[in-house]
Amino acid sequence: MKNRFLQWRPAALALAAAAACVSSWAQTQPSRSLGESVVTATRSTTRSDELVSDVVVIDRAAIDVSAARTVPELLARAAGLQISANGGAGKVSAVFIRGTEARHVILLIDGVRYGSATSGTPMWDAVQLDMIDRIEVLKGPASALYGSEGAGGVVQIFTRTGRQGFHPYATATAGSQGLRQLTAGVSGGQGGLSYALGLQRKRESGFSATNSRVPFGNFNADKDPFDQDGLNASLAYRFNDRWSADAGLVYTDGVSHFDDGPGRDAQSAVRSLMAHAGVKGQLLPGWRSELSFGQSVDTANVLVGSFMPSDFKTQQDQWIWQNHIDSPLGVVLAGLEHRKQAVSGSTAYIVSQRSIDAAFLGLSGTQGRLSWQANARRDRNSQFGGAGTGFVGVGYRINPNWRLSASHGTSFVAPSFNQLYFPGFSNPLLQPERGR
């Protein structure tokens, strides 16, 4: 199915009302990305040429010149990332970093963890490409920074934000397989206030999600379309040169058709919500602090199926207090995190919620051509007890385009609710996976 999906991917014809695209992938032009700031690899703003870890940055200009239709298609062009999909847009898809499982990749949207706690993987079509300002991909063990599921790495999506002035935009896109997409939005700012708002509508006729030559017995020759509407919004205010506050929202609502048996045009309603709000500032000289709240909701409702219609919903609430303190050895990271996962729907899980409390500590710094990073984290899961993870690495910049690095990290992955409690094939005695 993976090869079939890649062969299907056509180039979309963009009829942009307003677009300016002049750059290409960061990883194919290393000299261009030197010195740009990234946050995913250390949880604090760090220059990309001072990192120990391997990070890929995909900016807005690179997204505009790509012919990708979905986030997985976009990520598939980066070295070390592979994808699979059970059909076209809106179908179950997966992203693999360095050969690890789909459950070993964390998806963050504006810092908020998003994904299904029942399947253990995110719905990658929850964010449309026109919502995105940039994507950072951290490759390698990241549990010491972000906790469970960070065995393979982290994909963090940053949505559009405001900037000074008034900047409207609109695009219209048409492509093969009946793709039609309209986007309109505006970003702007004045004084300490900045804002962004975007609306998206996507329609795609698609193709059959099953193959008659594959003996699964559920082939249906009809096309399996995908319709989705989306909204992204952000608002930020800078009180002074030390303190600011921000909030953001991403919402998508769609219907995906799939094959669930001969002659059966199954349909599923898929909805996603990510919201966040926070405040950050300088408590003392050299001490910056952030407090944020985030919530993500992933919902899938089978409207038509071969069996009884089914519903699955995951809600994750997240509180993070994070501090960055300058020291002679670099930036010290210290923080606390609380996250609650709750699942509901038509399946009667024996346990339907769990909470995770964590404390994390880190240090990252640079002296000349040498960079270093160390992180430690302790998670306490209400189902499995405590788990400690760590990371240590060093890097040496040979010249502006080449760097040597070595690192060692540990990780853990908690079982999903389906693995633990789904009737008929689960095992409630499963313990978290651990990696090194």
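**Notebook: contacts, cores and rings**

I began with contact range: among contacts in the protein chain with a separation of 6 or more, 60% join residues 24 or more positions apart. I note that this is a predicted model.

Next I looked up the overall make-up. I found 6 helices and 25 strands in the protein chain. The chain has 436 residues, and 49% of them are buried. It exposes about 19,500 Å², with 58% of that supplied by carbon and sulfur atoms.

**Cores**

I then turned to the nonpolar cores. The largest one holds 33 residues. I listed its members with the most contacts inside it: I58, L75, W124, I132, I135, V137 and V155. Leaving out residues up to four places away in sequence, I get V71, P72, L75, S93, A94, V95, V105, L107 and V155 as the residues W124 touches. There is also a second, separate core, with 15 residues. I noted V38, I106, L138 and Y146 among its members. As background, nonpolar side chains in soluble globular proteins tend to be buried together.

**Aromatic pairs**

I searched the whole structure for aromatic pairs and have 6. I opened the one between Y349 and F417. The centres are 6.4 Å apart and the planes stand at 75 degrees, an edge-to-face pair. Which parts does this pair tie together? I place Y349 in the loop between β19 (330-345) and β20 (353-367), and F417 in helix α6 (residues 417-421). The pair therefore links parts 68 residues apart in sequence.

I followed F417 to Y421. Their ring centres are 6.1 Å apart and their planes lie at 50 degrees, so I log this pair as tilted. The cut-off for edge-to-face is over 60 degrees. F417 and Y421 are 4 residues apart in helix α6, which means about one helical turn separates them. Y421 is buried as well, with a relative accessible area of 12%.

I widened the view to the aromatic cluster. Y349, F417 and Y421 belong to one cluster that also includes F422 and F425.

**Charges over rings**

Last, I checked for arginines over ring faces. R43 lies over the face of F360, 4.4 Å from the ring centre. R160 lies over the face of Y169, and there I read 4.2 Å from the ring centre.

Key: Residues numbered from 1 in each chain as written. Predicted model: local features only at pLDDT ≥ 70, side-chain atom pairs only at ≥ 80, totals over all residues. Heavy atoms only, no water. Helix = DSSP H or I, 4+ residues; strand = E, 2+ residues; numbered from the N terminus. Buried < 20%, exposed > 50% of the residue type's maximum accessible area, 1.4 Å probe, protein only. Contact = heavy atoms within 4.5 Å. Areas by Shrake-Rupley, 256 points an atom, 1.4 Å probe, with all protein chains shown as cover. Core = buried A, V, L, I, M, F, W, Y, C linked by side-chain atoms within 4.5 Å. Phe/Tyr/Trp six-rings, centres within 6.5 Å; stacked < 30°, edge-to-face > 60°. Lys NZ or Arg CZ within 6 Å of the ring centre and 35° of its normal.
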